[in-house]
Amino acid sequence: MAEQVKRTTCSYCSVGCNLDITIREDETLSLKPNKEYPVNEGFCCVKGFHLLVPFQSSERGTAPLLRQKNGDYKTVDWDEAYQKFADGFKSIIAEHGPESVAFLSTGQMPMEEMALLGSAAKFGMGWIHGDGNTRQCMATAAVAYKQSFGFDAPPFCYEDFELSDLLIFIGANPVINHPIIWNHVKKNTRNPFIIVIDPRMTETAEQASLHLAVNPKSDLALLYGIARVLIEKEWLDNAFIEQHTEDFEIFRSHVMGIPLEEAGKKTGLGVDAIYSLAERIHQAKAPSFWWTMGVNQSHQATRTAQGIINLALMTGNIGKPGTGANSITGQANAMGSRLYSNTTSLLGGHSFTSENDRKKIAGILQIPVERIPDKNSLPYNKILEQVRDGFIKGLWIIATNPAHSWINKTEFFDSLKQLDFLVVQDLFPGTETAQCADLFLPAAGSAEKSGTFINSERRIGIVQKVKNPPGKAKSDFDIFLGIAEAWGCGDMFVKWSDPEAVFRILQQISRGQPCDISGIQGYKMIIDRLGIQWPYPQNAGAECDGLHRRLFADGRFYTPTGRAKFLFDDFAELPENTDSEYPLVLITGRGSVMQFHTQTRTGKVPFIQKKTHADCYVEINSEDAEALGLTTESRVRVTSRRGSVEVNAIISGSLCPGQVFMPMHYQETNWLTMPSFDPYSGEPAYKYAAVNLKAV
Ligand SMILES: Nc1nc2c(c(=O)[nH]1)N[C@H]1C(S)=C(S)[C@@H](COP(=O)(O)OP(=O)(O)OC[C@H]3O[C@@H](n4cnc5c(=O)[nH]c(N)nc54)[C@H](O)[C@@H]3O)O[C@H]1N2
Ligand SMILES: Nc1nc2c(c(=O)[nH]1)N[C@H]1C(S)=C(S)[C@@H](COP(=O)(O)OP(=O)(O)OC[C@H]3O[C@@H](n4cnc5c(=O)[nH]c(N)nc54)[C@H](O)[C@@H]3O)O[C@H]1N2
Ligand code: SF4
Ligand SMILES: [Mo]
């Protein structure tokens with residue numbers, strides 16, 4: 001058989017690199033980053049380069065597994081697995097009602113699979129509750145944009161990295177977490193000034209013009225301090241504020257009530273640093289603001305994200321080349337999940353609580369409107385609370401590994417004990433979560449199926465099958481259809497025959513929404529046009545041509561008034577404090593460019609295994625290490641008010657005294673983190689906990 005080259009989108013981070021994979025029958029011959037694709041222009045990072053390796057691992061699930069009474073698993077065929085699934089959940093619903101079951105999904109499956117899952121569970125099977133791991137990650141940005149702009153709409157394109165003359169990164173470490181994005185920064189020919197605001201001297205901070213080691217969780221004070229200086233100095237775009245925003249006056253009086261000295265003190269940066277930051281923003285021609293998890297994962301996250309949005313609005317720096325209040329997304333298809341997973345919003349950014357929206361979607365899908373729940377799902381943390389409290393008795397977990405990644409592991413494992421039925425659907429039966437399952441369903445990975453992902457800049461990218469899944473593993477798509485059939489609602493999904501058919505349904509649903517994609521002529525156009533950013537409506541005019549598009553060039557937002565809103569709050573108390581018993585602040589995050597999350601995939605790449613730490617570690621500043629009698633590679637016990645783990649110590653120049661850092665890639669870390677949540681987004685505040693260290 002002849003060789004064929006298939007282009008597909010990397011399924012790790014949200015940069016969305018395209019890779020050309022040469023195949024012959026089921027054999028993959030080579031993998032190269034695509035040169036024309038405007039995202040990665042011939043580059044990819046080490047994870048993308050090894051994309052296929054984990055899929056070939058001998059640890060893959062190759063058949064459904066059913067737990068026996070004695071605790072052992074036995075292999076079953078798919079028909080039996082589907083039947084057990086339907087029987088298990090149906091008997092719980094029969095006894096306890098539709099709110100006694102829930103699913104937890106992901107930002108890592110193609111959009112079409114997510115839409116099918118959310119629709120099968122909610123419209124077909126009558127479930128109400130289902131949330132995704134994007135709650136752990138992007139919920140804050142989604143809520144902040146929705147409240148401020150009227151829709152979850154990150155406004156930027158990657159070209160803005162090249163066109164900005166002042167780039168401010170807040171709680172973001174793209175050099176290791178969005179490495180190919182950094183190529184766009186390097187292509188910037190305007191001699192840009194780059195500022196990194198992060199308590200740690202990160203890989204990104206090392207490349208910056210200026211690193212501001214802000215005190216953990218003091219970003220809101222910093223942002224309000226900057227706003228105050230801009231107001232006092234009259235460094236504002238009054239015309240933009242007047243024509244395109246609302247509530248500036250009350251925002252103005254709020255920040256004017258916060259003495260600059262207070263902001264200087266809270267942040268640890270002092271008044272002068274805040275003043276000169278404001279001055280730089282004022283002097284720049286095209287300042288841009290970029291944020292990621294250092295902002296999203298905080299106890300006051302949504303307002304912090306909006307603190308950034310407010311700076312862009314008050315200086316009119318949005319909708320213009322090189323500007324914007326820009327949240328960089330996390331997982332490969334977190335953006336698809338935000339719009340089309342039917343979890344937190346009804347398909348296509350619609351609302352479960354709007355009768356009009358329910359009627360519209362029911363009409364397009366030709367289903368009775370009563371099939372669509374008229375209430376929102378519980379968020380992730382509330383789902384787990386209800387599991388713990390015995391209200392939710394059946395849980396289905398798809399493409400996420402919360403037994404490792406959830407913020408409250410003690411509660412997570414306690415909760416699982418309360419469940420009557422747990423189904424886990426993953427590539428690997430060995431994940432911490434899958435090992436708890438009553439029923440394990442083996443899924444195909446991204447290279448073994450088709451669909452689309454949406455990247456950080458709203459670009460829809462193609463996912464193409466380049467190999468068959470191992471054994472009896474199936475695409476999540478086929479698993480969802482099999483479950484719908486066994487449940488007895490298969491008829492509702494006859495038109496959902498394959499991913500591209502679902503894409504067409506989603507296009508119809510999107511029509512008239514800000515994320516309108518109704519003008520795309522099938523997957524072929526996505527391939528030929530090198531990905532397509534939303535919006536792309538029918539009869540898309542010249543404004544939709546071109547490889548890089550940003551939103552809000554006309555200053556019109558998606559709120560009812562067309563104006564963006566200034567939103568703010570008083571400073572909230574920290575969820576916990578350091579004291580003499582727990583004197584150190586634990587920061588958590590990504591540890592290296594090579595490791596992805598809970599390492600179920602990157603942990604199976606021999607090259608990456610060799611180059612990364614096998615065991616969990618804690619990074620500590622030399623001053624604190626000396627006081628504790630620690631040297632690099634000493635064993636150390638890290639204890640928080642939740643738990644205690646033993647790890648290796650690494651003395652690091654990147655931390656200020658009083659702070660330690662642990663990467664999220666090891667299962668130890670989340671025994672320690674503090675389960676608190678942003679009040680608006682419900683996102684966990686993974687990045688602040690009080691701990692102590694003791695040499696072992
Ligand atoms: N190599 C690799 N790449 C990835 C991933 C991966 O696991 N590995 N995961 C992907 C996903 S899903 C995501 S969400 C992104 C995450 O990408 P990032 O958000 O860049 O990653 P993190 O390391 O979690 O957090 C970023 C920074 O926030 C800082 N921070 C902590 N607390 C504060 C604070 O109070 N204020 C400020 N200003 N900063 C603070 C941390 O020190 C850290 O350097 O990466 C994506 N890319
Ligand atoms: N302490 C701390 N904890 C954190 C964070 C932090 O910064 N600090 N960050 C949080 C963030 S931002 C995130 S996004 C989460 C990530 O947390 P998780 O979602 O739990 O992490 P992953 O390891 O990506 O888990 C994805 C799972 O899906 C499986 N999988 C991959 N592709 C497919 C597929 O196509 N189908 C199916 N069925 N399965 C598939 C993988 O094998 C893996 O087991 O972690 C959060 N946890
Ligand atoms: S930068 Fe992200 S999308 Fe690109 S190859 Fe690396 S992990 Fe994949
Ligand atoms: Mo994430």
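Both faces of strand E18 are covered: Arg-459, Gly-461 and Val-463 on one side, Ile-460 and Ile-462 on the other, and all are buried. Buried here means under 20% relative accessible area, exposed means over 50%, and partly exposed is in between, with a 1.4 Å probe and protein chains only. Helices (H or I, at least four residues) and strands (E, at least two) are DSSP runs, numbered from the N terminus.

Before I go on, the basis. This is a predicted model, in which local features need pLDDT of at least 70 and side-chain atom pairs count only at pLDDT 80 or more, while totals for chains, interfaces and linings use all residues. Residues are numbered from 1 along each chain as its sequence is written, chains are lettered from A and ligands numbered from 1 in the order in which they are written, and side-chain values use heavy atoms, with hydrogens and water left out.

Back to E18, residues 459–463. With 5 of the 5 residues buried, the strand is largely enclosed by the rest of the structure. In a regular strand the side chains alternate between the two faces of the sheet.

What are the partners of E18? Strand E17, residues 451–454, pairs with E18 in the antiparallel sense over 4 bridges. Strand E19, residues 532–533, and E18 also pair in the antiparallel sense, over 2 bridges. Two strands pair if DSSP finds at least two bridges between them. On the E19 side, Ile-460 has Ile-532 as its bridge partner.

The 3 strands make an open antiparallel sheet in the order E17-E18-E19. E17 and E19 stand at the edges with a single partner strand each, so one side of each is left without a neighbour in the sheet. E17 and E18 form a hairpin with 4 residues between them, and in the turn Arg-458 has a positive phi of about 70 degrees.

Most residues other than glycine have a negative phi, and most peptide bonds are trans. The bond from Trp-534 to Pro-535 is cis, with omega near 5 degrees. Pro-535 sits in the loop between E19 and strand E20 (564–565).

Trp-534 also belongs to a cluster joined by ring pairs, together with Tyr-145, Phe-149, Phe-151, Trp-291, Phe-552, Phe-557 and Tyr-558. The structure holds 38 aromatic pairs. Rings of Phe, Tyr and Trp (its six-membered ring) pair if their centres lie within 6.5 Å; planes under 30 degrees apart count as stacked, over 60 as edge-to-face and the rest as tilted.

A closed barrel of 6 strands runs E21-E25-E22-E24-E23-E26, and its pairing is mixed. On average, neighbouring strands of this sheet are turned by 45 degrees against each other, direction ignored; axes are lines fitted to C-alpha atoms, for helices over the stretch in contact, and angles run from 0 to 180 degrees between N-to-C directions. E21 (residues 584–589) and E25 (residues 659–663) pair in the parallel sense over 5 bridges, and there Ile-587 has Phe-661 as its bridge partner.

The loop between E21 and helix H24 (606–611) holds His-597 and also Gln-599. His-597 has a positive phi of about 45 degrees although it is not a glycine, and Gln-599 has a phi near 65 degrees. Are these two buried or exposed? His-597 counts as buried at 16% relative accessibility, and Gln-599 is buried with a relative accessible area of 16%.

Now the helices. H9 (residues 219–232) has 14 residues and reaches 20 Å from its first C-alpha to its last, close to the 20 Å expected at 1.5 Å a residue. The expected span is 1.5 Å times one less than the number of residues. H9 is mostly covered, with 13 of its 14 residues buried, and just after H9, Glu-234 takes a positive phi of about 60 degrees. By contrast, Lys-359 in helix H17 (residues 355–365) counts as partly exposed at 48% relative accessibility.

Last, ligand 3. Which residues surround ligand 3? They are Cys-10, Tyr-12, Cys-13, Gly-16, Cys-17, Cys-44, Cys-45, Lys-47, Gly-48, Pro-179 and Ile-180, where near means that a heavy atom of the residue lies within 4 Å. Helix H1 (46–49) and helix H7 (179–186) each give two or more residues to this shell.
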